[in-house]
2 protein chains.
Amino acid sequence: MFIGEFHHTLDEKFRFSFPKKFRNDLENGFVITRGVDNCLLVYTNSEWEDFANNVSMLPLTNKSARDFQRHILSGAVEIQLDKTGRAILPEHLRNFANIKKDIVIAGIGDKIEIWSEEEWMKRITEISKSSDNIANSMEGLGI
Amino acid sequence: MFIGEFHHTLDEKFRFSFPKKFRNDLENGFVITRGVDNCLLVYTNSEWEDFANNVSMLPLTNKSARDFQRHILSGAVEIQLDKTGRAILPEHLRNFANIKKDIVIAGIGDKIEIWSEEEWMKRITEISKSSDNIANSMEGLGI
DNA sequence: ATAAAAAGGTGGTAAAAAGTGGTAAATAAT
DNA sequence: ATTATTTACCACTTTTTACCACCTTTTTAT
């Protein structure tokens, strides 16, 4: 279970370190790809396999499906942490998430999100203002 | 499973190299043909066989089907990589995809797309802007 | 409260791998 | 048969990756 909010930075080689608490679950490699809402998503290998297979089988004849495949599959990168717990964030992922230097790594239960700190702050502020509305709109989703 | 986004260039002989990560799956030859949305499609031999069979069985009585057959089957080229992992991109495929020098090679699950860098950037920017809409339209496709 | 030790994070360097340009050989065409 | 064009291989350069060492911050014990 991934929880917590961690503020890290990219160095000039676009490396960043993962929070120590997450490393055990990631030591056998993982996948980062584009998510929704301008953030990146981290998948463990086994979760990724199921998800990627489903995405890969979407029909070529549907435009949204093609775009979704490009978004998810071409965005994906397999990563192994180095001995100090760092990874390199490729250019296409930085561009998508608007990441320059300061990032936020957020544990969201069974997944991890990576944000540019700026975008994260905007999002969190927005959520704080309207958490009651958001909670209301969860009715019917089984919470 | 092909994933990732790679930016390569054609040299003056119209050669380009495939990403190292894709080469194992392509070493026994593959097929490039016209795709949808101004990009080229790369299929491994076995994937191509299934795809091409399905396309060639489309009904002769349907005009769109006939055009689709022309599009896919007449555009196809069988290719073998050289020892350094490169291939030559024929003129009719360059013309179709508007490819000059800078290309993007995108892993899309069981296939690979080749784009002119310029067209790719347009497409991926468009997708990023509307990623939540695209995600919504994936509801019901079993994701 | 202060000091020492440990853990986590950062910058740099060296080795390996991937990509690109060029050249030689082979094939095809005139 | 000679020339032009294409194909395959070789070598170099640039980029990437992995490891090492240091520095900073936090924690614990006296």
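Let me start with a piece of chain B. Strand β3, residues 30-34 of chain B, pairs with β5(B) in the antiparallel sense, and three bridges join them. Keep in mind that this is a predicted model. As an example of one bridge, B:Val31 has B:Glu78 of β5(B) as its partner.

What holds such strands together? Strands of a sheet pair through backbone hydrogen bonds, and the pairing is either parallel or antiparallel.

Now the whole sheet. In chain B, six strands make an open sheet, and the order across it is β1-β7-β8-β4-β3-β5. The pairing in this sheet is antiparallel. At the edges stand β1 (2-9) and β5 (77-79) of chain B; each has a single partner strand, so one side of each is left without a neighbour in the sheet. On average, neighbouring strands of this sheet are turned by 25 degrees against each other, if direction is ignored. One more general point on strands: in a regular strand, side chains alternate between the two faces of the sheet.

Which helices lie across these strands? Helix α2 of chain B, residues 45-56, lies across β3, β4 (40-44) and β8 (111-116) of chain B. The angle between α2 and β4(B) is about 110 degrees. Helix α5 of chain B, residues 117-129, lies across β1, β7 (102-109) and β8 of chain B, and runs at about 110 degrees to β8(B).

Over to chain A. There, β1(A) and strand β7, residues 102-109, pair antiparallel over eight bridges. A:Thr9 stands opposite A:Asp102 of β7(A). β7(A) is also joined to strand β8, residues 111-116 of chain A, by six bridges, and these two run antiparallel. β7(A) and β8(A) form a hairpin, with one residue between them. In that pair, A:Ile108 stands opposite A:Lys111 of β8(A).

Next, how do the two chains compare? Two copies of a chain are related by a rotation about an axis and a shift along it. The copies use different surfaces: of the contact residues of chain A, 9% recur in chain B.

How many residues of each chain are in contact with the other chain? 23 residues of chain A are in contact with 23 residues of chain B. On the chain A side, the elements giving two or more residues are α2 (45-56), α3 (63-74) and α4 (91-97) of chain A. α3(A) gives the largest share, ten residues. By class, this side of chain A has eleven nonpolar, eight polar and four charged residues.

Last, the DNA. DNA strand C is surrounded by 19 residues, and the closest are A:Asp11, A:Thr84, B:Asp11, B:Lys20 and B:Thr84. Two elements give two or more residues to this surface, β1 (2-9) of chain A and β1 of chain B. The largest share, three residues, comes from β1(B). The surface near DNA strand C has three nonpolar, ten polar and six charged residues.

Around DNA strand D, the residues include Lys13, Asp82, Lys83, Thr84 and Ile88 from chain A, and B:Lys13, B:Asp82, B:Lys83, B:Thr84 and B:Ile88. The surface near DNA strand D divides into two nonpolar, two polar and six charged residues.

Conventions:
Residues numbered from 1 in each chain as written. Chains lettered and ligands numbered in written order. Predicted model: local features only at pLDDT ≥ 70, side-chain atom pairs only at ≥ 80, totals over all residues. Near = placed C-beta within 6 Å. Nonpolar A, V, L, I, M, F, W, Y, C, P; charged D, E, K, R; others polar. Pairing = 2+ DSSP bridges. Helix = DSSP H or I, 4+ residues; strand = E, 2+ residues; numbered from the N terminus. Axes fitted to C-alpha atoms, helices over the stretch in contact; angles between N-to-C directions. Contact = placed C-beta atoms within 7 Å.
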